Amino acid sequence: MTSFSIEIERFLNFLKEAQFKHNEAMTAGYEADAATQDILHNLEIYEHTCEEFAMLSEGLKKIRIDRRNAKDNKELLQYVVDWADEYKKAYRALEKVLSDVKNREKAIKTRTYKARTSIIKEIMEEQKDV
């Protein structure tokens with residue numbers, strides 16, 4: 001039997017994960033900005049050798065690449081986060097649907113049938129008589 005609850009749950013988990021990754025990307029961007037400022041202020045205030053300038057330059061390049069990746073992820077995930085914010089009622093309704101579907105799936109797996117008539121007994125007795 002197809003488990004519809006798994007598909008609903010995957011979608012809800014995707015929305016949660018998108019929010020988490022969006023927040024993570026925002027934090028990474030803030031941290032990269034702060035690290036950039038640290039390097040720039042260090043260059044401004046202190047004297048450095050050519051080797052130190054090269055090391056700081058390589059560090060700055062890595063930080064800028066990380067910042068760009070974080071910004072790209074944040075921008076892409078923003079659409080999902082905005083949708084989830086706009087449709088909070090739909091999200092909660094989908095959580096309710098998930099709960100209902102899980103309960104029904106569980107009931108289907110454990111259901112039994114209780115005969116409403118005596119037809120089975122009658123048929124079986126008729127067959128004995130033949």
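A residue counts as buried when its relative accessible area is under 20%, as exposed when it is over 50%, and as partly exposed in between. With that in hand, welcome to this predicted model. Phe11, at 34% relative accessibility, falls in the partly exposed class, and Phe11 also belongs to an aromatic cluster with Trp83 and Tyr87.

**The aromatic pairs**
- Two aromatic pairs are counted in this model.
- Phe11 and Trp83 make an edge-to-face pair, with ring centres 6.1 Å apart and 75° between the planes.
- Because Phe11 sits in helix α1 (residues 4–45) and Trp83 in helix α2, their pairing ties together parts that lie 72 residues apart in sequence.
- Trp83 and Tyr87 also pair, this time in a tilted arrangement: the distance is 5.2 Å centre to centre, and the planes are 35° apart.
- Phe11, Trp83 and Tyr87 together form one aromatic cluster.

**How accessible the cluster is**
- Phe11 is partly exposed, since its relative accessibility is 34%.
- Trp83 has a relative accessible area of 35%, so Trp83 is partly exposed.
- Tyr87, with a relative accessible area of 37%, is likewise partly exposed.

**A look at Asp72**
- Asp72 is found in helix α2, which covers residues 50–86.
- With a relative accessibility of 31%, Asp72 counts as partly exposed.
- Between Asp72 and Ala18 there are 13 Å in space, C-alpha to C-alpha, while in sequence the two are 54 residues apart.

Key. Residues are numbered from 1 along each chain as its sequence is written. This is a predicted model: local features need pLDDT of at least 70, side-chain atom pairs count only at pLDDT 80 or more; totals for chains, interfaces and linings use all residues. Side-chain values use heavy atoms; hydrogens and water are left out. Helices (H or I, at least four residues) and strands (E, at least two) are DSSP runs, numbered from the N terminus. Buried means under 20% relative accessible area, exposed over 50%, partly exposed in between (1.4 Å probe, protein chains only). Rings of Phe, Tyr and Trp (its six-membered ring) pair if their centres lie within 6.5 Å; planes under 30 degrees apart count as stacked, over 60 as edge-to-face and the rest as tilted.
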